[in-house]
Amino acid sequence: MIRIKLNKYLLVFSSLLVLLGTAVNYPSGNASRISFDGATTISILSALILLIIMSVFSRNLEISKRGLLLNTVIALGYSIILVIGRAYTSRGNLSLIWESGRDVWYSVLSWLAISILLFYLFLTVYQLTIKFHLREMPINAEGKVKFYLFIFLLLAVLALPYFVVSIPGLAGYDGMRQMDELFHQKTIYGVFSLTNHHPLFTTLLQGFFVKVGLSCFHSINAGILLNSIFLNLLTIASFSLLVTIIACYFNKYVAVVLAVFFGGFPAVIEWANGLDKTGYFVAFFILFISALLLLDVQTTIENRFAIWLLVASGVLLSLTRNDGVVYLILAALGSIWLKQRKKIFIAVLVAVLLTLGLSKGLTMVTKALPTEPMESLSIPMQQLARVAKDNPASLNRSEKRQLNHFFNYSKIAAAYNPEFADSVKVNSRWPYYKFVGDYQQRMKLYKSQQFVKDKGSFWQLWLQIGMKNKRLYLEALVGQNIFYLYPQNHPSYFSWIVGPNDAGNETVTRLFANYHLKNPNLFYSFATLLKKGSELPLVNWLFISFTWFALYLLPSVAIIDQRRFAYLNLILVGGAVVLISLVSPVNGFLRYTLPLIVLDPLLLILCFYKKDGER
C-alpha cells in the first residue's frame with residue numbers, strides 16, 4: 001500500500017500546470033489561444049481551488065500500487081479524450097490540436113492540467129468511499145414480499161401520468177417498421193420484408209399484442225395499448241425486484257429513494273409506453289443486473305433463484321439486442337472472483353446456447369432475413385463519407401468507382417452528418433423494400449448484394465483510403481462518438497423520449513393509418529413541459545449521454561480501488577454498454593445510454609456500502 005502525502009512543492013508545480021492548462025483557449029475563430037479574460041479567470045480560480053481542496057482531502061490516503069497505477073492511467077487516458085472533445089466541439093475538426101507546433105504544446109498543457117485534476121478527483125472519490133460508510137438498514141427477510149408489493153405500487157403510481165398521457169402508446173419510427181415487416185406492409189417504395197434488423201424476438205413479441213388488438217378489437221390502437229400495459233407491468237416488476245434486493249441487503253430507505261428516481265425520471269420510465277424494442281431491452285437488462293447483484297451479495301450456496309434468473313434474463317436480454325451476447329460474456333468474465341463462478345459460467349453458457357438456438361429457430365420458422373451488414377459499419381461508412389466530403393481529391397478514379405459499388409457516391413458527401421450515421425447508411429446500395437418472393441428468392445437477393453458478397457473488398461478499400469486520410473478518419477470517429485465522451489454544447493440534440501410518428505408521413509402504411517393518440521394535445525403539452533424541464537441549468541446534464549458515461553467511470557474506479565472484485569461483473573456489464581455504443585454508434589441519443597442510467601446509481605450505492613464477508 002502507498003500513502004498519499006501532501007507535498008507542497010508538488011502541489012505548487014501541479015497548480016502551475018493547472019493554471020497554464022486551464023488558460024488555454026479553444027476558439028472557433030482566430031482568437032488568442034491563451035486567454036485571461038473574465039470567464040477564463042473564473043475557470044482558472046475554480047480549477048486551482050478544486051485542486052487544493054482535493055489534494056488536502058486526499059492526504060494520508062492509503063492505496064495499493066495497482067490502484068494508483070489504474071487511477072493514473074485512466075486520468076491520463078481520459079484527459080486525452082477531453083482535450084480532443086474541446087478541440088472538436090470548437091471547430092468540428094482537430095486542427096486546434098496539431099495545426100502547428102504551438103497548437104501541439106497548447107494541447108499538451110491542457111492534457112496535463114486535466115490529467116492532474118482527474119487524478120485527484122479519482123483519489124477524492126476513493127477517499128470519500130473510505131471516510132463515509134452508509135449504515136446498513138436492510139428489511140427483514142419476512143418482509144421482503146410486502147416491500148416488493150409496496151415498491152411495485154409506488155412505481156405504478158409514479159408511472160401512471162406517463163401512461164395516461166401516452167394512451168394508447170407511442171408508436172415511434174422503429175416500432176412501426178417492425179410491425180410493417182411482420183405484416184408485410186406496402187409503401188410507395190415497395191414491400192416490407194421480415195428481417196432481424198430490429199431483433200426478431202421483439203418484433204414477434206410486440207406483434208403478438210398488435211395481432212390480438214387487430215383480431216379481437218379490430219384496432220391497431222388496441223394492440224398498441226395492450227403492448228404498453230404489458231411493458232409497463234414488466235418494467236415496474238423488474239425495477240421492483242432490483243429495488244427490493246437493495247433493500248434486503250443494503251438500506252431500505254436508499255432503496256425507496258432509488259425507486260422514486262426510477263419511477264419519476266422520464267428518460268427511463270416513458271420508454272415503457274413505446275411500441276419500441278428499447279423498452280423491452282431496458283426491462284430485461286434490469287432483471288439481468290438484479291441476478292448478478294444477488295449472486296454478488298449472497299454468501300450462501302442456496303442461490304438457485306439467482307442462477308435461474310441469470311439464465312432467463314440473459315436469454316431475454318440477448319434476444320432483444322443483436323449484440324446482447326456481449327453482455328453475458330463480460331458478466332461471466334467479471335465473475336471470476338466469486339465463489340459461485342462455476343455456476344455462473346455454466347449459467348451464462350446455457351444462456352448463450354439457448355439464445356443461439358432460439359434465434360436460429362425463430363429465423364427458420366419466420367423465414368426472416370439477417371440484418372443488413374451496414375448496421376455494424378457505421379464508423380467506417382462515416383469515415384469514408386467524411387473523406388468524400390472534405391478531401392475528394394485524395395480519391396482516384398478506381399477508388400470512386402469501387403465506392404460507388406457500395407454507395408451512391410454522388411450523394412454520399414451531401415448525406416454526411418458527423419453526428420448521425422443513418423443518413424449515410426440509407427445512401428448505401430441496398431434494395432430496401434425490394435426483398436419479395438419466397439424465402440429462397442429473398443435470400444438469393446440478399447446474398448447477391450455487394451455488402452454481403454464482397455465485404456472483404458469493402459474493408460480493403462476502407463483501409464486503402466484511410467492510409468491517405470488518417471486525420472479525417474480520426475475526426476470522423478470523434479464526431480460520431482463525441483456525445484458519449486464530451487459534454488456537448490447543444491444538449492437538445494440528445495433525444496431522450498420516444499414519440500409517435502407523424503401520421504402524415506409518406507412512409508406510414510395502411511396498418512398504422514388509423515393510429516392516433518387518445519389525447520394528442522395533452523401528450524404534446526406534457527412532452528413540451530418535460531422538454532423545458534430537461535433544459536434547465538444543471539438538470540440538463542441528466543439528459544446528455546456524457547453524464548452517464550462519466551458517472552459510470554467514477555464509481556467503477558472507486559470500487560476497483562477498494563479491491564471489491566465481487567462487483568466486477570456489474571462493472572464489466574456497464575463496460576459492455578460503453579463498448580457497444582462506441583464501436584457501432586448511430587448517434588448520441590440518450591436511449592442508447594439507458595442501461596447506464598439504471599446501473600450508475602447501483603454502482604454509487606455499492607461504493608458506500610461494504611458487507612461482511614465480501615470477496
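On a 1 Å grid over the protein atoms alone, a cavity is a set of points where a 1.4 Å probe fits but cannot get out, and residues with an atom within 4 Å of a point line it. A volume is the space filled by probe spheres set on the points, which are joined across faces, edges and corners. The model is predicted: local features need pLDDT of at least 70, side-chain atom pairs count only at pLDDT 80 or more, and totals for chains, interfaces and linings use all residues. Residues are numbered from 1 along each chain as its sequence is written, and side-chain values use heavy atoms, with hydrogens and water left out.

The structure holds two cavities of 30 Å³ or more. The largest cavity contains about 70 Å³ of space, and among its lining residues are Ile-4, Lys-5, Ser-55, Arg-59 and Tyr-120.

Ser-55 and Tyr-120 also belong to the contact (heavy atoms within 4.5 Å) between helices H2 and H5, where Ser-55 comes from H2 and Tyr-120 from H5. Helices are DSSP runs of H or I with at least four residues, numbered from the N terminus. Helix H2 (residues 38-57) packs against helix H5 (residues 101-131) at an angle of about 40 degrees, with their axes 9 Å apart. Axes are lines fitted to C-alpha atoms over the stretch in contact, and angles run from 0 to 180 degrees between N-to-C directions. H2 is therefore oblique to H5, as angles under 35 degrees count as roughly parallel, over 145 as roughly antiparallel, 65 to 115 as roughly perpendicular and the rest as oblique.

Terms used. Helices (H or I, at least four residues) and strands (E, at least two) are DSSP runs, numbered from the N terminus. On a 1 Å grid over the protein atoms alone, a cavity is a set of points where a 1.4 Å probe fits but cannot get out, and a pocket is an open set with protein on both sides within 12 Å along at least five of seven lines; lining residues have an atom within 4 Å of a point.
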